[in-house]
Amino acid sequence: MMLNPPRTARYLVDEGAFDGVRVVELAQWVFVPVAGALLADWGADVVRVERLEGDPYRGLATQGIGTDGGGINLSVALANRGKRSIAIDLRHERGRAVLDQLMETADVFLTSLRPGALDRLGLGAGTLTARFPRLVYARGHGYGARGPDAGLPGYDSSAFWARGGMAHVLTPADREHPISQRGAMGDRNGAMALAFGIAAALVRRARTGTGTVVDVSLLATAMWTLSSDVLAALQGGTPRAPLGREAAVNPLVGAYRTKDGRHIQLVFLQGDRYWGDFCRLLGRDDLAADPRFADLTARRENFHACAAELDAEFARRTFAEWKDLLAAIDAPWAPVQAVEELLDDPQVKANGYIGQVEEDGQSYALPAVPVQLGERPPALRRAPEHGEHTEAVLLGLGYTWDQIAGLRDCGAVA
């Protein structure tokens, strides 16, 4: 038995890891729909149930990648790739009946609706899991399924960034207002957790024969992201992002400014392991021999003197020169890159971290799911237009063309 196959081996894996799994998604905006997209990437049939007027996210203008992009709505494409879309009026008796029939085919019910709305529609967790014992009922919410604020609306800027402590620890103390987060940071992190929870629940169902309820909140996602700070708070500390080098103890961990105004991040946590080789790389044997910098303790005690020496060294070379020089040392460091530089990063290209959608005459790039199976990313498919698959889904449920026409005429579907 080969326990450790060679790096050059190709691991054969069915790209459709979730082939045969049907997900009925009743969700909008970003957090929960992204979880559905991740499942669709690996083969799940994700049927996205939209209102007759569509997901409001389809109308959002943001960073030139939404409705303000002048072409494909890339924000919607990223959150909904690989799915099918059916437009139903769930307030209409016949539209609600369509959803009931669809649920009879579902392995997973994925939703972002709040508890009150779900209960009014007869879609609460207790109701559906009693009716469908094998169903995996997955819900993403702002603040958790219990407690006084369980029913509050929650977006990543509120539940994740603000209430979850992210803005507080990342905002310099001298700023009058908290810094703003980047788009949908909490949503996409929460979506990864939700997709993981669904996968775990499906494994559990395969073992036990019964489904379960999966819960992920944006508040919990923020706390998990800030685990180190939460641990410090549990010990009585008051975590706050250190400003510059004021709270630093190791001069070999931090960002240094290059001659042309860029930065290199050193992460020599094991300073004694790397210090000698690093000094020789710089041609500064005198630093290695300096008793002020002899070991981790000495460098901590003489932090500012050591950092000043490194500041002077980094100011002598350009960003490109530093990248070439540091390539010769087997130590943890990285260039501080702009997002646009990631697009040409050789590691991004080699690992397929940017995928290409080529379907129905459309061609555009999207960030790929960070998870790879068999040493390869999934093939990306385009996102559906609003209600694009209404007819196909209904035909699959056994409706005739005349019945579909009747549903359209009465306004139950679009």
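Glu 309 is partly exposed, with a relative accessible area of 23%, where buried means under 20% relative accessible area, exposed over 50% and partly exposed in between, computed with a 1.4 Å probe on protein chains only. Its partner in a salt bridge is Arg 284, at 3.3 Å from N to O; a salt bridge is a side-chain nitrogen of Lys or Arg within 4 Å of a carboxyl oxygen of Asp or Glu. Glu 309 lies in helix H14 (residues 303-314) and Arg 284 in the loop between helix H11 (271-282) and helix H12 (285-289), so this pair ties together parts that are 25 residues apart in sequence. Arg 284, at 17% relative accessibility, counts as buried. Helices (H or I, at least four residues) and strands (E, at least two) are DSSP runs, numbered from the N terminus.

The model is a predicted one, in which local features need pLDDT of at least 70 and side-chain atom pairs count only at pLDDT 80 or more, while totals for chains, interfaces and linings use all residues. Residues are numbered from 1 along each chain as its sequence is written, and side-chain values use heavy atoms, with hydrogens and water left out.

Across the whole structure, a search finds 29 salt bridges. One of them joins Glu 341 to Arg 262, with the closest N and O atoms 2.8 Å apart; because Glu 341 lies in helix H16 (residues 339-342) and Arg 262 in the loop between strand S7 (253-257) and strand S8 (263-267), the pair ties together parts that are 79 residues apart in sequence. Glu 341 is partly exposed at 26%, and Arg 262 is also partly exposed, at 25%. In another salt bridge, between Glu 388 and Arg 382, the closest N and O atoms are 2.5 Å apart; here Glu 388 is partly exposed at 33%, whereas Arg 382 is buried at 11%. Salt bridges that share partners also join Glu 25, Arg 48, Glu 50, Asp 55, Arg 58 and Lys 83 into one network.

Turning to the aromatic rings, those of Phe, Tyr and Trp (its six-membered ring) pair if their centres lie within 6.5 Å, and planes under 30 degrees apart count as stacked, over 60 as edge-to-face and the rest as tilted. By this rule there are 8 aromatic pairs. The rings of Phe 268 and Tyr 274 have centres 5.3 Å apart and planes at 45 degrees, so the pair is tilted; Phe 268 is buried at 0%, and Tyr 274 is buried at 8%. For Phe 314 and Trp 322, the centres are 3.9 Å apart and the planes are at 20 degrees, so that pair is stacked, with Phe 314 buried at 0% and Trp 322 buried at 0%. Ring pairs also link Trp 29, Tyr 57 and Tyr 155 into a cluster.

Among the strands, S10 (residues 354-359) and S11 (residues 362-367) pair in the antiparallel sense over 6 bridges, and two strands pair if DSSP finds at least two bridges between them. Gln 356 stands opposite Ala 365 in S11. S10 and S11 form a hairpin with 2 residues between them, and Asp 360 in the turn has a positive phi of about 50 degrees.
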